[in-house]
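Reader: Please show me the model. Then I will ask what stands behind each label.

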Amino acid sequence: MDWLNLVVFPVLRSVVLIVVLLTGFAYLTWYERKLLARFHARYGPNRAGTFGLLQPVADAVKAVFKEEVIPRHVDRWVYLLAPMLALVPALVIWAVIPVAKGVPAIADVNIGFLWILAIAGVESYGVILAGWSSNNNYSLLGALRSSAQMISYELPLGMFLVSILLLAGGFSLVSLVETPRAWWEWVWLWAMFPLFFICILAETNRSPFDLPETENELVAGFQTEYGGIKFALFFMAEYINMITTSTIMATLFFGGYRLPFGLLSDVVWLGPFVLAAKVILLLFLFIWVRASIGRPRYDQLMHFAWKFLLPVSIGYMIVTALLVVFFK
Amino acid sequence: MLNVAPRFREYETLPSLNDPSIPALPPLPTGESEDTRRIVERFGEDILAAGLHNGQQIVYVKPERLLELAAFVKDDPKLAYEAVVDVSAIDRLKLPIGADDARFQVVHQLRSYARKQHLMIVAPCVGNETPTVPSLGNLFAGAIWPEREVLDLMGITFTGHPDPRRILMPDSWPNHPLRKDVPLGGEEVPFTLTWGDPEFATLGKQILPAESVPPKLPPGMNRENMIINMGPHHPSTHGVLRLVVELEGETVVNVDPDLGYLHSGFEKTGENKRYKDFVYYTDRMDYLSSMNNNFGYVLAVEKLLGLEIPERAQVIRVIMSELQRIASHLFWLSTHALDVSGTGMSLLMYATRERERILDLFEMVCGARLTLSYIRVGGVWRDLPEAFINNLRDLLAVLPRYFDDYEAMLTHAPLWQERLEGIGKLSRADVINMGLTGPMLRGSGVDWDLRRDAPYGGYENYDFKVPVYTEGDCYARYLVRMEEMRQSVRIIEQALRNLPDGLFRTDDRKVSLPPRAELDVSMEALIHHFKLMTEGFRVPAGMVYHAIEASKGELGFFVVSDGSAVPYRLHVRGPSFNNLYAISKMSRGEMLSDIVTNIGSIDIVLGEVDR
């Protein structure tokens with residue numbers, strides 16, 4: 001058995017990946033707070049370290065050293081399991097994402113797309129179980145909202161992914177990035193990006209679709225009973241999800257680790273940096289949306305998913321199929 | 001050991017019950033008006049007294065015919081008093097009344113929006129220890145909550161009341177605090193400076209045995225559905241409001257507000273403070289618009305005093321009142337946007353940024369930013385500082401541009417419209433019947449603004465539009481408030497143009513302090529100063545209800561004076577309290593999220609709701 005290639009390297013890669021992601025998460029919170037502050041005409045964190053750069057460290061220390069409070073009325077095991085269940089899929093999804101030319105994060109499997117879809121489906125469990133086990137009406141409402149929302153938005157999301165799949169002609173994400181596309185393919189793809197982005201917002205429970213945790217109605221929704229590191233895990237899951245989905249979007253829509261027009265395509269080490277730059281731009285989009293678009297009501301959100309997004313996504317898929325059949 | 005006993009302020013004694021020189025209190029009305037004549041013609045003997053007092057129409061009616069009278073004034077097309085805006089009561093225990101006179105009188109404030117008339121109906125209660133009086137709650141929904149308040153604080157039973165529960169105090173509270181035989185309170189505080197004393201032995205170790213009482217479900221709620229408890233610590237109830245919400249799925253079946261978490265007995269306190277000392281307390285009621293609270297209270301007292309206010313003081317007051325309205329509306333806008341859509345965070349910051357500039361101006365004139373107490377009986381505290389006018393002009397120049405910005409963010413944003421349009425709908429008949437005021441009224445098509453229709457403090461000299469929308473939903477109320485801010489800017493601009501020189505405070509030395517310099521040269525000034533500081537000023541016996549258009553609606557002060565320097569009865573009609581009554585009707589059948597929208601749209605401040 002080839003221990004080196006089957007065990008040691010993947011484990012090393014996983015460790016590196018997790019470290020990078022957790023650091024990325026920490027500094028994403030800083031990035032968001034700084035940016036939001038700019039949108040809000042204020043300064044944001046600026047006390048801990050230069051430009052508040054140590055703020056994430058301070059936050060982490062605070063979260064970790066907080067007293068563990070487990071309310072008496074919760075379903076203890078599920079309650080403790082839920083934050084982990086929320087975090088793990090957010091990390092696992094990274095396994096198939098290509099980060100540089102010919103280099104996937106963990107493995108180049110030929111079911112990359114299916115992996116993303118499957119893990120995205122598991123993600124909602126953490127939230128649902130958290131809400132259910134908390135034994136609190138607000139949490140329960142948050143969990144119900146979350147499950148309904150995720151299921152609703154996974155449908156159009158899946159349809160869009162299938163359309164991309166049709167264009168790419170294969171399940172592997174690595175080959176998706178490597179295969180050159182015709183100009184009309186790019187245009188057709190980008191036309192769908194806004195809708196896809198909306199689905200992603202709903203999928204990651206980000207504002208304006210943060211209905212499961214609307215602090216103005218449900219206090220904190222499914223997180224109401226969580227504190228300290230358990231809350232931090234949910235927080236981590238949400239932010240790592242943001243990074244993950246941004247990476248997926250960068251990969252699917254913007255050529256992943258490649259520079260436009262095949263520039264410097266031989267420099268392999270540039271790949272991760274190019275990808276990171278694209279991800280940071282996409283994250284900016286997340287935060288920009290949060291600062292400027294209001295939150296719909298829950299029923300309006302569902303109406304939008306079922307009455308607009310789903311028909312549009314099905315229509316898009318059909319047209320894509322026709323395009324692929326006739327032009328490709 | 002130093003032992004300091006708690007000290008309570010001694011007030012001058014009230015007039016003796018047996019002193020024949022003291023007339024009936026509160027004084028009976030004299031003369032007549034068209035309306036009172038019509039009422040007397042119809043009810044004859046059963047009207048105990050009717051006429052004018054301090055320029056207000058007052059009718060005293062026997063309690064057994066109160067309901068009939070209320071129905072008559074409501075339905076008679078020539079009277080058409082459509083709304084009860086306030087209900088309060090007077091406990092006359094310490095007033096010189098005869099042995100047969102009723103101890104309690106219930107006072108109803110009625111309003112005719114069409115005829116721009118105000119009518120006070122006073123009904124003595126039957127029975128002195130367990131007083132009863134018929135309830136107007138079935139005729140005017142606007143009387144339901146004020147009557148519950150009277151029931152709670154005065155212990156008057158309203159027969160036929162649709163919902164006779166206490167409203168502010170806990171159900172188990174042993175007394176009715178506003179009765180005159182209930183002491184002011186104030187427990188003896190053990191106070192010592194020696195750490196060895198036994199009082200300190202348990203310091204920090206006290207365990208308060210509190211019995212856990214399962215909360216009673218409000219009447220009409222079904223335990224089969226999900227009952228959730230919004231508040232008292234909830235991010236969007238704007239304070240310590242508790243709403244018991246019955247949900248079916250996410251649809252609201254029933255809402256029952258539970259008030260009183262912030263009840264601090266302002267009225268009782270006011271009845272134990274001299275007139276001039278209560279100004280500072282008014283700040284704490286609607287703490288987002290303390291200028292307007294000062295203004296309303298001061299005007300009521302000045303009406304009792306019959307005081308003339310110098311022109312300059314009047315204009316300064318108008319400027320302050322309108323600035324406060326803008327500040328309050330800005331804060332409403334920011335929190336409303338935050339509640340409705342999480343994104344309002346940006347708007348919250350933008351609007352508070354401008355509000356901050358207004359607070360800076362307040363700080364210039366009086367040194368405080370929130371609890372201002374700038375408007376005093378007789379005028380204002382100090383004259384405007386030199387830089388004020390220019391700073392204000394700078395602010396006025398930019399404010400409309402900022403309003404445009406906010407409107408660009410919200411007014412035509414589809415998500416904002418979707419969240420607000422058709423939500424919390426109230427018809428014209430509803431708002432009048434429920435006694436709602438302010439933007440709630442104007443958002444439902446009632447063209448009424450006290451500044452224009454019952455001008456006070458010189459508002460008749462200004463030219464401004466009263467925005468009225470007929471839709472009656474949250475969006476209409478939003479538009480009303482946005483337009484009101486622009487109109488306030490117009491009023492301030494006019495006021496600045498017409499700001500005269502002269503006194504900023506009346507020179508009537510019986511009411512206002514002499515300037516410091518005068519004390520050095522004038523014995524008389526010293527005496528006035530001494531009298532004012534130690535005793536305050538005496539206010540002629542009388543009864544007055546004075547209402548102003550505060551930023552949240554009609555802010556009324558009902559003051560009964562017995563001729564001393566301390567108000568005998570002081571009642572505050574807070575717009576937030578009466579407007580909040582509408583929350584159940586607005587939210588029923590809507591989604592959970594819409595409750596939050598509705599609370600924001602009513603624009604409450606709990607300090608004023610609970611008082």
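Author: Helices (H or I, at least four residues) and strands (E, at least two) are DSSP runs, numbered from the N terminus. By that rule, Asn205(A) lies in the loop between α7 (183–203) and α8 (215–218) of chain A. This is a predicted model, where local features need pLDDT of at least 70, side-chain atom pairs count only at pLDDT 80 or more, and totals for chains, interfaces and linings use all residues. Residues are numbered from 1 along each chain as its sequence is written, chains are lettered from A and ligands numbered from 1 in the order in which they are written, and side-chain values use heavy atoms, with hydrogens and water left out.

Reader: Why does Asn205(A) count as buried?

Author: Buried means under 20% relative accessible area, exposed over 50%, partly exposed in between (1.4 Å probe, protein chains only). Asn205(A) has 5% relative accessibility, so it counts as buried. Its phi is positive, about 55°, although Asn205(A) is not a glycine.

Reader: What makes Ala80(B) buried?

Author: Its relative accessible area is 16%, so Ala80(B) is buried. Ala80(B) sits in the loop between α2 (66–75) and β3 (83–91) of chain B. Phi of Ala80(B) is near 50°, a positive value in a residue other than glycine.

Reader: Which pattern does chain A follow along the sequence?

Author: Chain A reads α-α-α-β-β-α-α-α-α-α-α-α-α. That is eleven helices and two strands.

Reader: How do you know that the radius of gyration of chain A agrees with a compact globule?

Author: The radius is taken over C-alpha atoms, and the globule rule is 2.2 Å times the number of residues to the power 0.38. For 328 residues the rule gives a value near 20 Å; chain A has 20 Å, so the two agree. The C-alpha trace spans about 60 × 50 × 45 Å along its principal axes. Of the 328 residues, 51% count as buried.

Reader: What share of the contacts in chain A with a separation of 6 or more is between residues 24 or more positions apart?

Author: The share is 79%. Contact here means heavy atoms within 4.5 Å.

Reader: Why is Glu549(B) called buried?

Author: Glu549(B) has a relative accessible area of 1%, so it is buried. Glu549(B) belongs to strand β13 (residues 542–550) of chain B.

Reader: What joins the side chains of Glu549(B) and Arg442(B)?

Author: A polar contact of 3.1 Å. The term covers a pair of N or O atoms within 3.5 Å; within protein, one must be able to donate a hydrogen and the other to accept it, and residues adjacent in sequence count only if both atoms are side-chain atoms. Beyond four places in sequence, Glu549(B) also touches other residues, including Arg325(B), Asp449(B) and Tyr456(B).

Reader: What makes Gln494(B) buried?

Author: Its relative accessible area is 11%, so Gln494(B) is buried. Gln494(B) is in helix α14 (residues 474–497) of chain B. Its side chain reaches the backbone oxygen of Asp463(B) at 2.6 Å. Leaving out residues up to four places away in sequence, Gln494(B) touches Asn461(B), Tyr462(B) and Asp463(B).

Reader: And Gln56(B): why does it count as buried?

Author: Gln56(B) has 5% relative accessibility, so it counts as buried. Gln56(B) lies in strand β2 (residues 56–61) of chain B. A polar atom of its side chain lies 3.1 Å from the backbone oxygen of Met543(B).

Reader: Which separation do the C-alpha atoms of Gln56(B) and Val544(B) have?

Author: They are separated by 7.8 Å, with the two residues 488 apart along the chain.
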